[in-house]
Amino acid sequence: MQYRNVKLNQVEMSKTTSGQNFARGTILLPEDKSVKEFKLWSDSNPEGFVQLFTDNVKYLKIGYEESTYNGTVYFTIKEYSQLTDEEIFESFHKADAEFRESVLTRLHEGILKPRLSEKGYTFLREFFKVNRDLYNRFTVEQAAVKMHDARPSGLLHHTTKMLELLALVMDQHNNFHLTREGQDLVYIGLLIHDIGKTLEYQDGEVTKLAKVTHRGLGIEIAVLNKDLFLKYYPEDFYYEIIAIINQHHGVFEEKPHSVFSYLVHLIDMADTHISGLEESIKTNKDSDSLRVIDREIPKLMKEKHYFDFGENNE
């Protein structure tokens with residue numbers, strides 16, 4: 001039997017064909033932030049396991065065996081115990097904090113300081129000072145529940161990768177002939193295009209405000225800060241920001257009506273699809289095929305001998 005620390009992600013009670021209770025669901029592994037399916041049979045107290053989840057106890061040490069059903073590998077949990085606060089920090093939050101600080105360095109030192117005008121960087125500092133709670137949520141929240149960057153600080157990571165990709169594209173295409181203010185607009189707009197996710201999600205779980213969508217919530221945040229935008233930039237700059245927030249999903253939601261919202265949409269789609277592919281490869285490392293986000297592609301073949309999932313190849 002193997003042992004490891006895990007975070008409960010989804011848990012539900014089910015019944016076998018003979019009528020016995022068993023628990024099933026998914027768990028998060030701290031080493032690579034991957035999600036694994038599990039089952040816990042009637043001889044291992046599934047009722048107590050489900051009750052822990054109901055009581056919001058989500059961090060456990062489990063004893064388990066790997067099992068396979070229809071080609072899918074899952075954990076059969078044999079025993080479990082609650083982790084201490086120190087064990088939780090060491091297994092989950094310490095690595096998350098280190099990851100967050102490394103991405104923040106990439107964001108500020110690699111993109112914002114060298115790419116924004118002095119006015120643009122000053123505006124952002126004031127924007128996040130006024131909206132400190134939003135900034136704190138932005139640095140720790142997930143980018144999605146499942147699809148891409150579904151991990152602590154995933155929203156920060158997704159946004160930073162997009163900005164790095166934008167910087168590359170801007171260099172390749174002569175900054176699209178934008179003025180300094182135009183460059184500020186696309187960088188700032190991209191930075192806060194998903195700011196509504198700070199209200200849409202709470203620790204990776206959907207909130208009641210999700211019915212508004214993160215685009216609607218992001219627009220509300222921009223409206224509440226209109227005076228601050230107008231302190232630094234003309235009114236059209238403010239409305240371009242709203243267009244970016246509202247239209248960055250492109251053909252799947254409101255279509256872009258601005259060069260800036262279209263450019264952010266293209267960058268967003270590129271990172272979402274590429275990140276989704278990488279995560280699907282890891283999740284399906286034992287399979288010969290995988291599914292991707294692209295709705296037009298049912299599945300991709302994957303020859304396993306081309307891949308190395310060793311711990312040094314992340």
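Helix 3, residues 118-130 of this predicted model, comprises 13 residues and spans 18 Å from its first C-alpha to its last, close to the 18 Å expected at 1.5 Å a residue. Its buried residues are Gly120, Tyr121, Phe123, Leu124, Phe127 and Phe128. Viewed down the axis of helix 3, these buried residues fall within an arc of 155°, so they line one face of the helix. The face turned away from the buried side carries the exposed residues Glu118, Arg125, Lys129 and Val130. The cover over the buried residues of helix 3 includes helix 2 (85-115), helix 4 (132-140), helix 6 (180-191), helix 8 (213-224) and helix 9 (226-232).

Phe123 also belongs to the largest nonpolar core, which has 47 residues; together with Leu166, Tyr187 and Leu191, Phe123 touches the most other members. The greatest contribution to this core, eight residues, comes from helix 5 (residues 154-172). Beyond its neighbours within four places in sequence, Leu191 is in contact with Leu107, Leu112, Leu124, Phe128, Phe138, Thr159 and Leu163. A second, separate core holds 17 residues, among them Val11, Leu29, Val57 and Ile77.

Val11 is also a point of strand pairing: its bridge partner in strand 2 is Gly25. Strand 1 (residues 2-15) pairs with strand 2 (residues 21-28) in the antiparallel sense over eight bridges. Five residues lie between the strands of this hairpin, in which Gly19 takes a positive phi near 90°. Strand 1 pairs with strand 4 (residues 59-69) as well, again antiparallel, over six bridges. Here Val6 has Leu60 of strand 4 as its bridge partner.

The structure holds 15 salt bridges, including those tabulated below.

| Salt bridge | N to O distance |
|---|---|
| Arg4 and Glu31 | 3.1 Å |
| Lys113 and Glu109 | 2.9 Å |
| Asp271 and Lys161 | 3.4 Å |

Arg4 lies in strand 1 and Glu31 in the loop between strand 2 and strand 3 (35-40), so this pair ties together parts that are 27 residues apart in sequence. Lys113 and Glu109, by contrast, are four residues apart in helix 2, separated by about one helical turn. Lys113 is partly exposed, with a relative accessible area of 43%, and Glu109 is partly exposed at 48%.

The salt bridge between Asp271 and Lys161 joins helix 11 (residues 259-283) to helix 5, so the pair ties together parts that are 110 residues apart in sequence. Asp271 is buried, with a relative accessible area of 7%, and Lys161 also counts as buried, at 18%.

Terms used:
Residues are numbered from 1 along each chain as its sequence is written. This is a predicted model: local features need pLDDT of at least 70, side-chain atom pairs count only at pLDDT 80 or more; totals for chains, interfaces and linings use all residues. Side-chain values use heavy atoms; hydrogens and water are left out. A nonpolar core is a set of buried Ala, Val, Leu, Ile, Met, Phe, Trp, Tyr and Cys residues joined through side-chain atoms within 4.5 Å. Buried means under 20% relative accessible area, exposed over 50%, partly exposed in between (1.4 Å probe, protein chains only). Helices (H or I, at least four residues) and strands (E, at least two) are DSSP runs, numbered from the N terminus. Contact means heavy atoms within 4.5 Å. The expected span of a helix is 1.5 Å times one less than its number of residues. The arc is that of the directions from the helix axis to the C-beta atoms. Two strands pair if DSSP finds at least two bridges between them. A salt bridge is a side-chain nitrogen of Lys or Arg within 4 Å of a carboxyl oxygen of Asp or Glu.
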